[in-house]
Amino acid sequence: MKKVLLLFALLIFFAFLSFGANAQIKNNLNFTGDVQIFYANEIKSAYGSSIKNGKGTIIFSSIKNLKKIIHMYPNFAGFTLILNKYGHSFDCVLNKLNLKNLFYKQNKSIYGFSLVMPKSIFINNKKINTQITELKSNIYIGCPIILGSY
């Protein structure tokens, strides 16, 4: 009986760890720019401004606050990083994210899987957690895809 209880406790512990790990950024992104974080519920954050989006919330902040916000409110639907391309090259961004399972859609929109990013989805039977595109003077990085308009 003790072994069964111990096994059950370990299963709950590992399930809790794996659930919480999905909401954490695995590495320091070292990007500068802005971030939009999307939630399905109402959130108030001290690290940026927010707007109500239906029943959800979009938090607008600096990328430097991303880890803090996600740590405080881990149940986000996704986020979009907005980088000024004059401070970041598209190829440098791709190298930092070290994307796998790459596929391209249109000219400069790339989908892939990065160990750096949390929250994944499946597109065309491929595990994807990052979308990158370049438009005018910005590079947009979405996790798991770009949310909002760009």
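1. Which residues does G78 touch, not counting residues up to four places away in sequence? The list is Q36, I37, F38, C143, P144 and L147, where a contact means heavy atoms within 4.5 Å. G78 sits in strand β4, and with 0% relative accessibility it counts as buried. Buried here means under 20% relative accessible area, exposed means over 50%, and partly exposed is in between (1.4 Å probe, protein chains only).

2. Before going on, a word about what you're looking at. This is a predicted model, in which local features need pLDDT of at least 70 and side-chain atom pairs count only at pLDDT 80 or more, while totals for chains, interfaces and linings use all residues. Residues are numbered from 1 along each chain as its sequence is written, and side-chain values use heavy atoms, with hydrogens and water left out.

3. Now the overall layout. The chain has three helices and ten strands; these are DSSP runs numbered from the N terminus, with helices being H or I of at least four residues and strands being E of at least two. Read from the N terminus, the order is α-β-β-β-α-β-α-β-β-β-β-β-β. Of the 150 residues in the chain, 39% are buried. Take the contacts between residues at least 6 apart in sequence: 55% of them join residues at least 24 apart.

4. Next, look inside. The largest nonpolar core has 24 residues, and I37, F79 and I141 have the most contacts inside it. (A nonpolar core is a set of buried Ala, Val, Leu, Ile, Met, Phe, Trp, Tyr and Cys residues joined through side-chain atoms within 4.5 Å.) At least two core residues each come from β1 (34-39), α2 (66-72), β4 (76-84), α3 (90-97) and β10 (138-143). The largest share belongs to β4, with four residues. As general background, nonpolar side chains tend to be buried together in soluble globular proteins.

5. On to the aromatic rings: there are three aromatic pairs in the structure. Rings of Phe, Tyr and Trp (its six-membered ring) pair if their centres lie within 6.5 Å; planes under 30 degrees apart are stacked, over 60 edge-to-face, and the rest tilted. F76 and F79 make a tilted pair, 5.8 Å centre to centre with 45° between the planes. F76 counts as buried because its relative accessibility is 2%, and F79 is buried too, at 0%. F103 and Y111 make a stacked pair, with centres 5.0 Å apart and planes at 5°. F103 is buried at 15% relative accessibility, and Y111 is buried at 10%.

6. F76 has another neighbour to check. K119 lies over the face of F76, at 4.7 Å from the ring centre. The rule for a charge over a ring is that NZ of Lys or CZ of Arg is within 6 Å of the ring centre and within 35 degrees of the ring normal.

7. Q131 lies in strand β9 (residues 130-135), and at 4% relative accessibility Q131 counts as buried. Its side chain makes a polar contact with the side chain of S109, at 3.3 Å. A polar atom of the Q131 side chain also lies 2.9 Å from the backbone nitrogen of I146. (A polar contact is a pair of N or O atoms within 3.5 Å; within protein, one must be able to donate a hydrogen and the other to accept it, and residues adjacent in sequence count only if both atoms are side-chain atoms.)

8. Last, some backbone details. A cis peptide bond joins C143 and P144, with omega about 0°, and P144 lies in the segment after β10. N98 is not a glycine but has a positive phi of about 50°; N98 lies in the loop between α3 and β5 (100-105) and is partly exposed, at 45%. N125, also not a glycine, has a positive phi of about 60°. N125 is in the loop between β7 (121-123) and β8 (126-128), and it counts as exposed because its relative accessibility is 78%.
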